[in-house]
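Subject: Handing over a structure

Dear colleague,

I am passing on the structure below, and after it I set out what was found. Please have it open while you read.

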Amino acid sequence: MAGLPAAYLVFGLLTVAIQTGIGALTQTEVDNALMGLMSIVPSTVSVLAMTFSGLAGAALGIQNIFLISGAVLATATVLSWHTFRRAGGERPAARAPMAGVG
């Protein structure tokens with residue numbers, strides 16, 4: 001129990017760093033017409049995930065849900081890493097400016 005505040009501190013610092021990066025990527029890579037979806041979609045998915053995890057936790061037990069979540073996170077991390085590595089840092093061609101902007 002004594003290590004819990006330290007774990008929260010580390011988690012909080014990592015969360016801020018990740019959200020800062022995601023915000024910067026969103027602003028630079030998402031078309032302006034789709035920016036509204038960038039808040040609606042994660043919020044909707046979050047509510048669905050909480051519902052699913054609550055139901056699954058009741059059926060399978062909380063410890064099993066943590067194990068399954070960890071396995072999903074690890075798999076997604078490895079797949080993302082391979083995808084980005086394969087892309088080799090290639091960036092798509094610059095988008096044409098929108099009419100009447102700039």
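Predicted model: local features only at pLDDT ≥ 70, side-chain atom pairs only at ≥ 80, totals over all residues.

Residues are numbered from 1 along each chain as its sequence is written, and side-chain values use heavy atoms, with hydrogens and water left out.

Threonine 26 sits in helix α1, and its side chain reaches the backbone oxygen of isoleucine 22 at 2.7 Å. Leaving aside residues up to four places away in sequence, threonine 26 touches Met35 and Met38, a contact being heavy atoms within 4.5 Å. Helix α1 itself, residues 4–29, lies largely in the open, because the number buried among its 26 residues is 1. In the protein chain, which has 102 residues, buried residues make up 5%.

As for the overall layout, the protein chain has 3 helices and 0 strands, and reading along the sequence gives the pattern α-α-α; helices (H or I, at least four residues) and strands (E, at least two) are DSSP runs, numbered from the N terminus. The 26 residues of α1 reach 37 Å from first C-alpha to last, close to the 38 Å expected at 1.5 Å a residue, the expected span being 1.5 Å times one less than the number of residues. Helix α2, with 24 residues, reaches 33 Å, close to an expected 34 Å, and for the 26 residues of α3 the end C-alpha atoms are 37 Å apart, which agrees with the 38 Å they should span.

How do α2 and α3 pack, and at what angle? Helix α2 (residues 37–60) and helix α3 (residues 62–87) meet at about 125°, with their axes 7 Å apart, the axes being lines fitted to C-alpha atoms over the stretch in contact, with angles from 0 to 180 degrees between N-to-C directions. That makes α2 oblique to α3, since angles under 35 degrees count as roughly parallel, over 145 as roughly antiparallel, 65 to 115 as roughly perpendicular and the rest as oblique. Ala56, Gly57 and Leu60 of α2 make the contact with Ile62, Asn64, Ile65 and Ile68 of α3.

Finally, some glycines: glycine 54, in helix α2, is partly exposed at a relative accessible area of 43%.

With kind regards

Methods
Buried < 20%, exposed > 50% of the residue type's maximum accessible area, 1.4 Å probe, protein only. Polar contact = N/O pair within 3.5 Å; in protein donor to acceptor, adjacent residues only side chain to side chain.
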